[in-house]
Amino acid sequence: MKSTNQIELTAGVFLALAIAALIFLALQATDRGVVSGGSYEITATFTNVGGLKPKAEVSLGGVTIGLVERIELDPVTFDARVHMQISEQYNDLPEDTSAAILTAGILGDQYVGLEPGGSPVALEDGDELMITNSAMVLEQLITKYLLNGDDAQQ
Amino acid sequence: MTSDRHDTGHFIEFDKVHLSLGGRTILDELNLSIPHGQVTAIMGPSGAGKTTLLRLITGQLKPDSGRVVVNGEVVSDMSTKALNQYRKNVGVLLQNGALFTDLTCFDNIALPLREHTKLPERLIRKIVLMKLHTVGLRGAAQMYPRELSGGMNRRIAMARAMAMDPRLMLYDEPFAGLDPISMGISLRLIRQVNEALNMTSLVVTHDINEVVKLAHLACIIAHGNVIAAASPDELFQSQEPLVAQFMQGLPDGPVAFHYPAPDLANDLLSGPSRHA
Amino acid sequence: MREGLVKIGRAVVFLGQLFSRVRATPLQARETLRQIYYAGARSLVIIVTCGFFVGLVLTLQTYDTLTRFGAADAASTVLALSLFRELGPVLTAILFAGRAGTSITAEIGLMRATEQLDAMDLMAIDPMERIVQPRFLASLIAVPALTVIFNLMALLGGIFFAVFVMGNDVISFWGNMQASVELGRDFLHGMGKAVGFGFLAAWLAVYFGWSARATSEGVALATTQTVIATAIAVLILDFVLSAFML
């Protein structure tokens, strides 16, 4: 039988160990919420977002700079409005940056690709991207191709 | 509490107590008075409600009707808080001692003192050693209950029950399963402690021979009621069939040897289907 | 069915009694710490061993599967996600029920059978406060603590396999995992589950002990019930929590 003090000490060491493990895993084994530190929000409107989902990456030149926070439908225009969180460290994107919904590989996930413009004015929190390019939907592409082919034959 | 006092001249008073558990009547309009400062034995066949009687006194059970009055206070009406206050003045020795197996004998006895008093540890040590000395087990203070015999365990439990110097001591079958020597020790202790500390003691038992040596008053309980209450000697002289059967340990009498069953001849002659 | 509902109702009433008599005193805190030793520290051996081997076998299996799709890099991510979100909390809770929950049930059940609980009651010491509460609280704390340690050991098991068997390097293994595991959605939600499971394991262990019939069969039955009921309740709660969190 261990003495009372030893038992309490062992219990304390056990708890300290668990708390250390918790802090270590929380800080070292995770990305701490992708956009670590501060971020700002921009929106973009698309006629069709295809298979884009919340949490999808937002990248520029192949580098992930943020992620899609949520996607909602504009009740008037029936366009899809995409809200994105961009990491604070990329706070000097030009105002006329354009957005397109792209696919990683043939069957990969869809993501938002940004293309910087030339404006000297930087984007700010809550701004909307004016130039957008909707997702390519495979069925629509095929239909279009087939119809165009018919036209050419005639 | 003064307004609630019901002085009757007796230390414990059962007043038309009725109790049924699980649809079975255990106590039926039971009246019983237990005098102050004496050792009273409660006897009766197994299942007669002796232990139930103790549980009514400690407030673990509440009667369906009637009152249980102890030292002028109505136990059956007490709130949880009042009951806890009251229990500090009642020492109970349960059948097997019920010592805390993960505490030493010393800590077992110190527990109620540490819990209910603000005495310094130095003083608690003195009290505990004195109680242990009374039961003759001061040398076993640092041992665990499992290292001691059943009889010693019960003496430690007795020391624990006395720790708070209660006014009332209740013993539930204190002699069951003890060897003759341990039984003799327990017998003498109960008597001694009762006199030395001016307590009232209540002993539930069916060891008739011990009762004669121990109790000032003996009560026999059967069929949910008190059938006799007198000094042990008087009970031995009693002509009442039930009392006589009990006191002389006759196997058959008013208390039947056989559990109620269909007639033996019919039962043996009929096929097994009757019991299926 | 009806009997089952009655049992659940009794367990809920018991929980109400447990909470209605909470008292925070230094004595209670010390007793809780002692119980953390018995329930938590003494469960370390089984948690550490099982954690390591779960990590090992999980990595082995994911490597084998993912290599067929040319995605072996994702092995560490698969390991970490399945651990943090599901396996860590669920397995720890079930192992805890088997190791510590049963001993709490048996201890309280035996105290009931040997009249120790009655004796406390008769000494005007509340056994609910002195016996049940510290054990409940200690289990509630021990399960999340053990879950973290289980997760850590499983990751070590994964690294061990990746490095010494597959010949990968630690940095890429850890880096791939780090890039795709989210703090809130994956890690903290998993810890939230662990707290919920701790609550269940603690509640059921003390309840079955408290309500055990005062015989040796009663105590034996109660310990069995603790393991079965905890395992089932944890898996049901796991589904409910997962459905809400995703």
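What order do the elements of chain C run in from the N terminus on? They go α-α-α-α-α-α-α-α-α. Here are my notes, bearing in mind throughout that this is a predicted model.

1. **Chain C overall.** The secondary structure of this chain comes to nine helices and zero strands. Its C-alpha atoms fill a box of roughly 70 × 40 × 30 Å along the principal axes. Chain C has 246 residues, and 51% of them count as buried. If you look at contacts in chain C with a separation of 6 or more, 85% of them are between residues 24 or more positions apart.

2. **The largest core.** The largest nonpolar core has 48 residues, and A:Phe14, A:Leu25, C:Leu83, C:Phe84, C:Phe96, C:Leu155 and C:Met177 are the ones with the most contacts inside it. Two or more residues come from each of these: helix 1 (4–28) of chain A, plus helix 2 (26–39), helix 3 (44–68), helix 4 (75–113), helix 6 (127–165), helix 7 (170–180) and helix 8 (183–210) of chain C. Helix 6 of chain C gives the most, with 14 residues.

3. **A:Leu25 up close.** Set aside its neighbours within four places in sequence, and A:Leu25 is in contact with A:Thr30 from chain A. Apart from the 48-residue core lies another core, of 36 residues, which includes B:Leu19, B:Ile26, B:Leu168 and B:Val204.

4. **Chain A's two domains.** Chain A is divided into domain 1 (1–30) and domain 2 (39–142). Taken over C-alpha atoms, the centres of these two domains of chain A are separated by 45 Å.

5. **C:Ala138, worth a click.** This residue is found in helix 6 of chain C, and at 0% relative accessibility C:Ala138 counts as buried. C:Thr32 is 106 residues away from C:Ala138 in sequence, yet the two are 5.6 Å apart in space, C-alpha to C-alpha. Beyond its neighbours within four places in sequence, C:Ala138 is in contact with C:Thr32, C:Gln35 and C:Ile36.

6. **Aromatics.** The count comes to 13 aromatic pairs over all chains. One of them is C:Phe19 with C:Phe136, an edge-to-face pair at 5.8 Å centre to centre and 90° between the planes. C:Phe19 lies in helix 1 (residues 2–20) of chain C and C:Phe136 in helix 6 of chain C, so this pair ties together parts that are 117 residues apart in sequence. C:Phe136 is buried, with a relative accessible area of 4%, whereas C:Phe19 counts as partly exposed at 42% relative accessibility. Look as well at C:Phe14, C:Tyr207, C:Phe208 and C:Trp210, which form one aromatic cluster.

7. **Helix 2 of chain B.** Which residues of this helix (residues 80–87) are buried? They are B:Leu83, B:Tyr86 and B:Arg87. Seen down the axis of helix 2 of chain B, the buried residues fall within an arc of 95°, so they line one face of the helix. In chain B, they pack against helix 1 (50–57), strand 4 (65–70) and strand 6 (90–93). From chain C, helix 5 (116–122) is also packed against by these residues.

8. **Cysteines.** How many disulfides are there over all chains? The count comes to zero. As for individual cysteines, B:Cys219 is buried, with a relative accessible area of 0%, while C:Cys50 counts as partly exposed at 26% relative accessibility.

Key:
Residues are numbered from 1 along each chain as its sequence is written. Chains are lettered from A and ligands numbered from 1 in the order in which they are written. This is a predicted model: local features need pLDDT of at least 70, side-chain atom pairs count only at pLDDT 80 or more; totals for chains, interfaces and linings use all residues. Side-chain values use heavy atoms; hydrogens and water are left out. A disulfide is a pair of cysteine sulfur atoms within 2.5 Å. Buried means under 20% relative accessible area, exposed over 50%, partly exposed in between (1.4 Å probe, protein chains only). A nonpolar core is a set of buried Ala, Val, Leu, Ile, Met, Phe, Trp, Tyr and Cys residues joined through side-chain atoms within 4.5 Å. Helices (H or I, at least four residues) and strands (E, at least two) are DSSP runs, numbered from the N terminus. Contact means heavy atoms within 4.5 Å. Domain bounds come from an automatic or database domain assignment. The arc is that of the directions from the helix axis to the C-beta atoms. Rings of Phe, Tyr and Trp (its six-membered ring) pair if their centres lie within 6.5 Å; planes under 30 degrees apart count as stacked, over 60 as edge-to-face and the rest as tilted.
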